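Here's a quick tour of a few local features worth a look before you set anything up. Have the structure open as you read.

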Amino acid sequence: MNILIIDDEQDIKPLFEQRYKKEIAEGMFNFEFVFSSDEAIDYINEHDSELILILSDIKMPGKNGIELLKDIRKLNQTTSIYMITAYDDEMNYKLSIENGANKYLVKPIDFLELKKDILLLQKIKQKAKS
């Protein structure tokens with residue numbers, strides 16, 4: 001079960017890998033990283049059934065995270081999607097929720113809270129498979 005992280009900033013990868021080093025080493029979490037909207041759509045098309053969570057930045061060059069969210073929801077109605085932003089903006093919050101985001105996270109991310117969410121989503125997905 002994969003967690004897809006979509007962000008145009010390449011430094012997001014080592015940040016998540018460091019924060020969840022133990023969980024990754026133990027095989028609890030498997031993060032996949034893409035750095036553009038196009039890469040995200042390609043990944044989702046190929047690995048949709050393996051996803052338990054998508055984390056997407058809002059501010060990206062080209063297609064922004066809100067536009068990408070709309071496209072993802074056309075492909076996938078069930079996977080949880082959390083939008084991430086450095087700017088706590090009421091309009092982006094509203095647009096995120098209206099277009100199908102399950103949560104709206106403002107940086108800096110609360111990694112402990114996110115870990116709890118991931119573990120819960122894993123349990124839900126495992127029960128659905130049984």
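Strand β1 is covered on both faces: Asn 2, Leu 4 and Ile 6 are buried on one side, and Ile 3 and Ile 5 are buried on the other. Keep in mind that this is a predicted model. In a regular strand, side chains alternate between the two faces of the sheet. For β1 (residues 2-6), 5 of the 5 residues are buried, so the strand is largely enclosed by the rest of the structure. Buried here means under 20% relative accessible area.

So who are the neighbours?

Over on the surface, things get charged. Asp 38, Glu 39, Asp 42 and Glu 46 gather there in a patch of negative charge. Asp 38 sits in helix α3, which covers residues 37-47. Is Asp 38 buried or exposed? Its relative accessibility is 59%, so Asp 38 counts as exposed, the cut-off being over 50%.

One last thing to check is the backbone. Most peptide bonds are trans. The bond joining Lys 107 and Pro 108, however, is cis, with omega at about 5°. As for where that is, Pro 108 lies in the loop that runs between β5 (103-106) and α6 (111-129).

Notes
Residues numbered from 1 in each chain as written. Predicted model: local features only at pLDDT ≥ 70, side-chain atom pairs only at ≥ 80, totals over all residues. Heavy atoms only, no water. Patch = residues over 30% accessible without salt bridge, like charges linked within 9 Å, V, L, I, M, F, W, Y side chains within 5 Å. Areas by Shrake-Rupley, 256 points an atom, 1.4 Å probe, with all protein chains shown as cover. Salt bridge = Lys/Arg side-chain N within 4 Å of Asp/Glu carboxyl O. Lys, Arg positive; Asp, Glu negative; His and termini not counted. Charge placed at Lys NZ, Arg CZ, Asp CG, Glu CD. Helix = DSSP H or I, 4+ residues; strand = E, 2+ residues; numbered from the N terminus. Buried < 20%, exposed > 50% of the residue type's maximum accessible area, 1.4 Å probe, protein only.
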